[in-house]
Amino acid sequence: MKNLLALNIPDIHLSLKKGDIQVQTLLDEAYEKIERNSLNTFITLFKEDSYNKAKKLQKRIKKEKDIDILTGIPIAVKDNICVEGHSTTCGSRMLCNFTSPYSATVVKRLEDRGVVIIGKTNLDEFAMGSSTETSFYTSTKNPHNSEYVPGGSSGGSAAAVAALEAVAALGSDTGGSIRQPASFCGVFGLKPTYGRVSRYGLVAFASSLDCIGPITHNAVDSAIIMEAIAGFDPMDSTSLPEDVPQYYYELTKGMENIRIGVVRGKLMESVEQDVRDAMGEFTDGVKFTGIQLEDVDIAGFDVCIPVYYIIATSEASSNLARYDGIRYGWVGEDKYNALREMYEVRRNEGFGEEVKRRIMLGTFSLRAGYKDKYYDKAIKTRQKIRTDFEEILKRVDAVILPTSPTLPFKIGEKITDPISMYMSDLCTVSASLAGLPAISIPAGYRNGLPVGVQLVGRRLEEGTLLKIAYFIERTGLIETNKK
Amino acid sequence: MDLKKEVKNISELANIKIPVDKIEKFADEFGRILAYMDTISTIAQYKASDTKRAEHYTPLRKDKARIDYKPVRPSEGRYYRVPKVI
């Protein structure tokens, strides 16, 4: 079997246009790989719908001269993003019977451009986790070694891309859920500036942090997908009105005078030796390309995790209050005598342990008498983290740091220890709290497992991050996906 | 803080019934998480100038007046028929 899904989007587009391949061939390859790999990357497959759409698109490709670059490209979508008429489970028993009444703006924008959605990928329940093990349905395996987790919460999306089951995938990132799995699976994962991509149709976890972004094999595909999904949406009140740059067209422009800050200090002491070594080798390589590097130290890294978890769980406790088993959710057997008891029973049965833990932590942080000590303080500290980060980004165009403090860990290794799992977010939460764009790019392998490094950029400057990623990729510093 | 009592109280506020046999496990984990979250109390209180709000836009649509009043009288016996909204 040819590895057509390993090609980048412009190459697939060219082959489709020339008639060398057909949209159906791409789908055949995707579904065959999904079945053969058995990595549990998907919760739902859209076989019937996607082949029907492929037929129509193939006719259009034959008839029309100028087809969109995204026409016929098979893409996977994380199962917390709505696709009209299909289920959106969020990896939870709570939403096992839920059918999306409308499509998310990102899905609509991609489908309008001719993308074929092949299915919905596995995730940690309600995107709460760093290993895709808290999903009610199944645990996804890392394509590089099936005993290891693919990261999370967009583990299904990242693993599907790494295992060449899709050309690209959409993920969502609240505290690192696109970047960390991208790092664990050896692919590219971009978390845009908060508000750059519409959240309409994304099931809310923490509304002030949630972002949708692409997971891809390379920087070119990230640029093309970002360009398609970004931009103002009247359906999302936090959507930013600024124009979207031509990310793809601008990839090769203006790499002169780029300065990158390399994070040193306390944070680097908290990451594993293997990750430190990989990051060291990577930055040495970057230096060799002529990019100017300088050391930076980001203060307050040690408090980012508590600040993030207090804010994220507080927002989650409010967002997930809607799942009461009446308007949405798991119904189960009639085991109650009163309305209140019914809510309590249904929510206990519908939610998994991690989700319950987070709802309760959020309820605690917002509770009268404790709010000043936890939530209010976390909000103030978040502003400080943001201003500190922005201050550093006045001197440099981007900051480079590891994506994850550890290499991928084994399935089951951390699932019983919530704090150790929360620490997986050590390097990613600061960009989330600051609302800044960040991309995880592959930085080689250690013990056969991928390592990623992360670039954090200025507000709305995803283009600069993509440009740097593309430049570094062309220098051969990035080891290509071994799958 | 009596953690078991605390877990019971919070679970009531959160509308989640934690089974009795799981309360101890939840309380234990909760205690460890809270001890970690308490590192936030080591942070100095920031001055107001450090914590200025980021720019935020809320795009609003323009208000359009829609005046189509008609005298309202019960249309079906004692009941009013209201326009269908969904």
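The legends below describe close-up views of a strand, a cavity and a pocket in a predicted model. In this model local features need pLDDT of at least 70 and side-chain atom pairs count only at pLDDT 80 or more, while totals for chains, interfaces and linings use all residues. Residues are numbered from 1 along each chain as its sequence is written, chains are lettered from A in the order in which they are written, and side-chain values use heavy atoms, with hydrogens and water left out.

**View 1. Strand β2 of chain A and its burial.** Strand β2 (residues 74-78) has 5 of its 5 residues buried (under 20% relative accessible area, 1.4 Å probe, protein chains only). Strands (E, at least two residues) and helices (H or I, at least four) are DSSP runs numbered from the N terminus. In a regular strand the side chains alternate between the two faces of the sheet. A:Pro74, A:Ala76 and A:Lys78 point one way from β2(A), A:Ile75 and A:Val77 the other way, and all are buried.

**View 2. The neighbours of strand β2(A).** Strands are taken to pair if DSSP finds at least two bridges between them. β2(A) pairs in the parallel sense with strand β3 (residues 116-121) of chain A over 5 bridges, and A:Gly119 is the bridge partner of A:Ala76. With strand β4 (residues 168-173) of chain A, the parallel pairing of β2(A) runs over 3 bridges; here A:Ile75 stands opposite A:Ala168. β2(A), helix α4 (residues 105-112) of chain A and β3(A) form a right-handed β-α-β unit (with the strands pointing away from the viewer, the path from the first strand over the helix to the second runs clockwise).

**View 3. The largest cavity.** A cavity is a set of points on a 1 Å grid over the protein atoms alone where a 1.4 Å probe fits but cannot get out, and lining residues have an atom within 4 Å of a point. The volume, the space filled by probe spheres set on the points, is about 60 Å³. Of 15 lining residues, A:Ala127, A:Gly129, A:Ser177, A:Tyr308 and A:Asp425 are the closest to the centre.

**View 4. The second largest pocket.** A pocket is an open set of grid points with protein on both sides within 12 Å along at least five of seven lines. The second largest pocket holds about 360 Å³ of space. Its lining has 16 residues, with A:Tyr102, A:Gly201, A:Leu202, A:Val203 and A:Arg322 nearest its centre. Domain 1 (4-259 + 397-474) and domain 2 (305-376) of chain A both contribute to this lining, so the pocket lies between them; the bounds come from an automatic or database domain assignment.

Conventions. Buried < 20%, exposed > 50% of the residue type's maximum accessible area, 1.4 Å probe, protein only.
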